[in-house]
Amino acid sequence: MGFWHFLFVRAALLYLIYNALLGTLFYLFPHMVGPFRSSHVHAGLVGFFLQMVMGVAYWMMPRPGGLRQDRLEGLTFVLLNAGLLLRLVLEPLHFLGQEGLRPWLAVSGGLQLLAILVFAFAMHRRVVTGDMLRKMREERERRGG
């Protein structure tokens, strides 16, 4: 497992713990549900689930021709977590009446969208059929490599 894969999985587990703690706090302090409901959902779906999927996909998906994507993996991780952390901090404040946070929440969404686009681009290069792999191997052998 590479460095970025490790960070994706570890961060996903931290969001899972955060999500479980927040869910438990909802039972103890029901007034928290309103401002933190959306954050709770995003921490679970984006922070845990999507991040786990991305980390495992980067780790386990085939690497045609020995493809290395360290920069794309790192960029995906940084964009996703910067956007999500910004959202988790600012969104409850927004729902509690803090004015002027909507543009920053849009930035957080934009960062997460960019992370998803980078991930989709990276995976697009790795999703190949057996025929495509054979043709790539034949082409390499034809070129003498």
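# Helix packing and burial

Me: Which residues of α4 are buried?

Reply: In this predicted model, the buried residues of α4 are Leu-105, Ser-108, Gln-112, Ala-115, Val-118, Phe-119, Ala-122, Met-123 and Arg-126. Their cover includes α2 (33–60) and α3.

Me: Why are α3 and α4 called roughly antiparallel?

Reply: The axes of α3 (residues 70–95) and α4 (residues 102–126) cross at roughly 155° and come within 8 Å. Angles over 145 degrees count as roughly antiparallel. The pair α3 and α4 is therefore roughly antiparallel. As the contact of α3 with α4 is divided by class, there are 18 nonpolar, five polar and five charged residues.

Me: What is the hand of the crossing of α3 and α4?

Reply: The crossing in which α3 passes α4 is left-handed.

Me: How do you know whether α2 and α3 are roughly parallel or roughly antiparallel?

Reply: The angle between α2 and α3 is about 170°, and their axes are 9 Å apart. The cut-off for roughly antiparallel is over 145 degrees, and α2 and α3 are therefore roughly antiparallel to each other. On the α2 side the contact includes Pro-35, Phe-36, His-42, Val-46, Leu-50, Gln-51 and Tyr-58. On the α3 side, Leu-72, Phe-77, Leu-80, Asn-81, Arg-87, Glu-91 and Phe-95 are among them. The residues of this contact of α2 with α3 comprise 14 nonpolar, seven polar and three charged.

Me: What makes α1 roughly parallel to α3?

Reply: Helix α1 (residues 3–28) packs with α3 at an angle of about 20°, the axes being 10 Å apart. Angles under 35 degrees count as roughly parallel. That makes α1 roughly parallel to α3. The crossing of α1 past α3 is left-handed.

Me: Which residues of α1 and α3 meet?

Reply: From α1 they are Trp-4, His-5, Leu-7, Phe-8, Ala-11, Tyr-15 and Tyr-18. From α3 they are Asp-70, Glu-73, Gly-74, Thr-76, Phe-77, Asn-81, Leu-84, Leu-85 and Leu-88. Sorted by class, the contact of α1 with α3 has 10 nonpolar, four polar and two charged residues.

Me: Which residues of α1 are buried, and what do they pack against?

Reply: They are His-5, Phe-8, Val-9, Ala-11, Ala-12, Tyr-15, Asn-19, Leu-22, Gly-23 and Phe-26. These buried residues of α1 pack against α2 and α3.

Me: Why is Gly-23 called buried?

Reply: Gly-23, in helix α1, has a relative accessibility of 17%. Buried means under 20%, so Gly-23 counts as buried. From Gly-23 to Trp-104 there are 81 residues in sequence and 25 Å in space, C-alpha to C-alpha.

Me: What makes Asn-81 buried, and where is Asn-81 found?

Reply: Asn-81 is found in helix α3. Its relative accessible area is 8%, and the limit for buried is under 20%, so Asn-81 is buried. Setting aside neighbours within four places in sequence, Asn-81 is in contact with Ala-11, Tyr-15 and Gln-51. Asn-81 is also listed in the contact of α1 with α3 and in that of α2 with α3.

Me: Why is Pro-64 called buried, and what is Pro-64 in contact with?

Reply: Pro-64, in the loop between α2 and α3, has a relative accessible area of 9%. This is under 20%, so Pro-64 is buried. Leaving out neighbours within four places in sequence, its contacts are Arg-125, Arg-126, Val-128, Leu-133 and Met-136. Pro-64 and Arg-125 are 61 residues apart in sequence, with 8.2 Å from C-alpha to C-alpha.

Terms used
Residues numbered from 1 in each chain as written. Predicted model: local features only at pLDDT ≥ 70, side-chain atom pairs only at ≥ 80, totals over all residues. Heavy atoms only, no water. Axes fitted to C-alpha atoms, helices over the stretch in contact; angles between N-to-C directions. Helix = DSSP H or I, 4+ residues; strand = E, 2+ residues; numbered from the N terminus. Parallel < 35°, antiparallel > 145°, perpendicular 65-115°, else oblique. Left-handed = near helix turned anticlockwise from the far one by under 90°. Nonpolar A, V, L, I, M, F, W, Y, C, P; charged D, E, K, R; others polar. Buried < 20%, exposed > 50% of the residue type's maximum accessible area, 1.4 Å probe, protein only. Contact = heavy atoms within 4.5 Å.
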